[in-house]
Amino acid sequence: MAKYRIALMPGDGIGNDVMDAAQIVLDKIGLDADYIHADIGWDFWCAEGDPLPQRTLDLMKETDCSLFGAITSKGKDVADKELAPELQGKGYSYRSPIVRMRQLLDLYICLRPCKAYPGNALNYKDGIDLVVFRENTEGMYVGVEYAQVPEAFYAVAGMEKLPRDAAISFRAITPGGSERIVRAAFDYARQHNRKKVTAVHKANVLRQTDAVFMEAARKVAAEFPDIDFDNANIDAMGMWLLKNPFNYDVIVTTNLFGDIISDLCAQMVGGLGFGCSGNIGKDYAVFEPTHGSAPKYAGQNKVNPIATILAAKMMLDWLGEGEKATQVEGAVAAVIAEGKVRTYDMGGDSGTLEMARAIAAKL
Ligand SMILES: NC(=O)c1ccc[n+]([C@@H]2O[C@H](COP(=O)([O-])OP(=O)(O)OC[C@H]3O[C@@H](n4cnc5c(N)ncnc54)[C@H](O)[C@@H]3O)[C@@H](O)[C@H]2O)c1
């Protein structure tokens, strides 16, 4: 029996292309693992009314961890139409399988390293090396939304100001949820010899919810006197990150702000072809590129697999295979520095698999 069992979830579109590429690198590094294919994505919504079938969730729990490609998701109007005719009108409602898996498996950390590998012409500035910790289970993504204000809400003070046709979303921030993501950021900083943690919020406007987040952040920061702690408003942070990314080291924030900030950071180190992330909880973990299914490039052996190969590197680290992880990262860095094999986003015409084979050849 292999040492590890890993759920492979290619999903939709280029999720399949980049997963084939990552498999080439994982095979070459000689990870002693069985890979078990798992169903996820648009086809399963259309055919079964569930883009994250229960059998997939069960498999994710039984295996050591999961490697995920990308999914397609569409607005409610299209989703309802594309559902199999026999399932229509039976109460099926599309929900993002990614948001669901994060909540159902309590993957509360979204860890996104953003590193500018030397020689990458797409780097905004050379030397950027940031890590974003995004809270992954609460905030604006708790999934409590109403297309119209429910009548009963008008009994709550302040709600009477809302127009009757207002669509509303809830943002839930808990002391426990805040504390554990900030603690994860500080623990990481200490383990990886990082000097500073910056908490990002909008406490001047979101006076209740971000007060909870910042109170937890200050409490945890006091336990780590060896690590600098500062904070910034989300809007200012967008500006400061572009102005001087070198002022930041580890960033920790709530769900929606983290979603936005981590895409900004990914763009500074090469864009979607380079952005990788780990969704990590106490018991389970799922590693993925941050890009979507890019349908127009699906099956064309065209897109950049580096994001997925770096996600596989994060997975190796998480499994405790640090040496193999370092080798994979070294191989990626060497191919980027050499600049001979480049996918279209890097200004070249190399294919997805060619990039994977070039990286594997460095191992
Ligand atoms: N995590 C996910 O699975 C995820 C994330 C974002 C979007 N989506 C879904 O993906 C679908 C397409 O969304 P989108 O077009 O807004 O975003 P996308 O990330 O799929 O693609 C946007 C563009 O970025 C570029 N790109 C993406 N990945 C690349 C790669 N590996 N190499 C080179 N270039 C790359 C392509 O030009 C592509 O057209 C939608 O259904 C959306 O809901 C899924």
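Reader: Which residues of helix H3 are buried, and what makes them line one face of the helix?

Author: In this predicted model, the buried residues of helix H3, which spans residues 54–62, are Thr56, Leu57, Leu59 and Met60. Seen down the axis of H3, these buried residues fall within an arc of 160°, so they line one face of the helix. As a general point, an α-helix has 3.6 residues a turn, so residues three or four places apart point the same way.

Reader: Why is Lys313 called buried?

Author: Lys313, found in helix H10 (residues 306–319), has a relative accessible area of 15%, and buried means under 20%, so Lys313 is buried. Leaving aside neighbours within four places in sequence, Lys313 is in contact with Ala325, Val328 and Glu329.

Reader: What makes the pairing of the Lys313 and Asp317 side chains a polar contact?

Author: The two side chains are joined at 2.8 Å, and the cut-off for a pair of N or O atoms is within 3.5 Å, so the pair counts as a polar contact.

Reader: Which polar atoms of the protein lie by the nitrogen and oxygen atoms of the ligand?

Author: A polar side-chain atom of His291 lies 3.3 Å from a ligand nitrogen atom, a polar backbone atom of Gly292 is 2.7 Å from a ligand oxygen atom, and a polar backbone atom of Asn304 is 2.9 Å from a ligand nitrogen atom. Taken alone the ligand exposes 800 Å², of which the protein buries 70%.

Technical notes
Residues numbered from 1 in each chain as written. Predicted model: local features only at pLDDT ≥ 70, side-chain atom pairs only at ≥ 80, totals over all residues. Heavy atoms only, no water. Buried < 20%, exposed > 50% of the residue type's maximum accessible area, 1.4 Å probe, protein only. Helix = DSSP H or I, 4+ residues; strand = E, 2+ residues; numbered from the N terminus. Arc of directions from axis to C-beta. Polar contact = N/O pair within 3.5 Å; in protein donor to acceptor, adjacent residues only side chain to side chain. Areas by Shrake-Rupley, 256 points an atom, 1.4 Å probe, with all protein chains shown as cover. Contact = heavy atoms within 4.5 Å.
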